[in-house]
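Hello,

Here is the structure we talked about handing over. Please open it first, then read my notes below.

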Amino acid sequence: MTTTEQTPGLLCQELPVSEAEILTWAEAILRARFARSNYLTSPALVRDYLRLNLGAEEREVFGVILLDSQHGVQRFERLFYGTIDSASVYPREIVKLALQQNAAAVVLAHNHPSGNPEPSEADIKLTQRVQQALQTVDIRLLDHLIVSGTHSVSLAERALI
C-alpha cells in the first residue's frame with residue numbers, strides 16, 4: 001500500500017473531524033475566494049456564495065448583491081427578513097440601497113426554507129416589479145436566485161427576467 005492510499009484512513013483516525021467543522025472550513029474557503037476575486041466571474045461562484053449565505057436559514061431572508069459597472073462586488077446586503085414561508089420586500093428600498101452604493105447592477109437573492117427552490121408566482125411578479133423600478137434609474141437587474149439548502153434556481157436562466 002502506498003503512502004497516499006494510507007493517508008485518508010490515517011487522517012480520519014488521528015484527526016476526528018466533524019461534519020460541522022468541514023462545512024465551516026468550506027464556507028471560509030468560499031468566502032475567501034469570493035472576496036479575493038471580488039468579481040462575479042461565473043454563475044457557479046454566485047450560486048456557491050449565496051447557498052452558503054442563505055441556504056441554511058430557517059426563515060426567509062431576501063438580499064441583494066450590489067455590483068459596479070464591471071460586475072465587481074461592492075457588497076452583499078440582507079434587506080428583508082420574513083417568516084418560514086414569506087418575506088415582505090419593498091422595491092423602493094432596493095432602489096434606494098443601489099443608488100446609495102452607486103451600483104450599476106444588482107443580483108437579487110432569497111431563500112426558501114421549505115427545501116424547494118422553485119419560484120412562486122409571487123417571486124416572479126416581485127422580480128418584475130423590482131426590475132421595472134431599477135430600470136427607471138438605469139440599474140440593471142442581472143438575476144434573481146432562489147436558494148434552498150444546496151439547490152438554487154436562477155430566474156435569468158429560466159428567461160423570467
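**The largest pocket**

Helix 2 gives five residues to the lining of the largest pocket, the largest share. Please keep in mind that this is a predicted model. The space in that pocket comes to about 270 Å³. Its lining is made of 12 residues, and those closest to the centre are Leu23, Arg51, Leu52, Gly149 and Thr150. Helix 2 (19–37) and helix 3 (43–54) are the elements that give two or more residues to this lining. By class, the lining holds five nonpolar, four polar and three charged residues.

**Overall layout**

How many helices and strands does the chain have? There are five helices and five strands. Read from the N terminus, the order is α-α-α-β-β-α-β-α-β-β. The chain has 161 residues, and 37% of them are buried.

**Salt bridges**

The whole structure contains five salt bridges. Three of them are described here, each with its place in the chain.

Start with glutamate 157 and arginine 47. Their closest N and O atoms are 2.5 Å apart, and the two form a salt bridge. Glutamate 157 sits in the segment after strand 5 (151–154) and arginine 47 in helix 3, so this pair ties together parts that are 110 residues apart in sequence. Arginine 47 counts as buried, because its 14% is under the 20% cut-off.

Next comes the salt bridge between the side chains of glutamate 57 and arginine 78, at 2.7 Å from N to O. This pair also links distant parts of the chain, 21 residues apart. Glutamate 57 is in the loop between helix 3 and strand 1 (61–67), while arginine 78 is in strand 2 (residues 73–81). Glutamate 57 counts as partly exposed, with 26% relative accessibility. Arginine 78 also counts as partly exposed, at 25%.

Then look at glutamate 118 and arginine 158. Their side chains meet in a salt bridge of 2.6 Å, N to O. The two residues are 40 apart in the chain, and the pair links distant parts. Glutamate 118 belongs to the loop between strand 3 and helix 5, and arginine 158 to the segment after strand 5. Glutamate 118 is partly exposed, with a relative accessible area of 37%. Arginine 158 counts as partly exposed too, at 41% relative accessibility.

**Proline 119**

Proline 119 lies in the loop between strand 3 (105–111) and helix 5 (121–135). Why does proline 119 count as buried? The reason is its relative accessibility of 18%, because buried means under 20%. Along the chain, proline 119 and leucine 145 are 26 residues apart. Their C-alpha atoms are separated by 9.0 Å.

**A nonpolar surface patch**

Which residues make the nonpolar surface patch? They are Val17, Ile22, Trp25 and Ile29, and the patch covers about 390 Å². Valine 17 is found in the loop between helix 1 (3–14) and helix 2. With a relative accessible area of 36%, valine 17 is partly exposed, because that value falls between the 20% and 50% cut-offs.

**Positive phi angles**

Asparagine 102 is not a glycine, yet its phi is positive, at about 55 degrees. Asparagine 102 has its place in the loop between helix 4 (91–100) and strand 3. With a relative accessible area of 64%, asparagine 102 is exposed.

Alanine 159 also has a positive phi, near 60 degrees, and is a residue other than glycine. Alanine 159 is in the segment after strand 5. Its relative accessible area is 63%, so alanine 159 is exposed.

**To recap**

The segment after strand 5 comes up in several places. Glutamate 157 there pairs with arginine 47 of helix 3. Arginine 158 of that segment pairs with glutamate 118.

Best regards

Definitions and conventions: Residues are numbered from 1 along each chain as its sequence is written. This is a predicted model: local features need pLDDT of at least 70, side-chain atom pairs count only at pLDDT 80 or more; totals for chains, interfaces and linings use all residues. Side-chain values use heavy atoms; hydrogens and water are left out. On a 1 Å grid over the protein atoms alone, a cavity is a set of points where a 1.4 Å probe fits but cannot get out, and a pocket is an open set with protein on both sides within 12 Å along at least five of seven lines; lining residues have an atom within 4 Å of a point. Grid points are joined across faces, edges and corners, and a volume is the space filled by probe spheres set on the points. Helices (H or I, at least four residues) and strands (E, at least two) are DSSP runs, numbered from the N terminus. Ala, Val, Leu, Ile, Met, Phe, Trp, Tyr, Cys and Pro count as nonpolar, Asp, Glu, Lys and Arg as charged, and the others, Gly among them, as polar. Patches are made of residues with over 30% relative accessible area and no salt bridge: like charges are joined within 9 Å, nonpolar side chains (Val, Leu, Ile, Met, Phe, Trp, Tyr) within 5 Å. Accessible areas come from the Shrake-Rupley method with a 1.4 Å probe; for residues, only the protein chains shown count as cover. A salt bridge is a side-chain nitrogen of Lys or Arg within 4 Å of a carboxyl oxygen of Asp or Glu. Buried means under 20% relative accessible area, exposed over 50%, partly exposed in between (1.4 Å probe, protein chains only).
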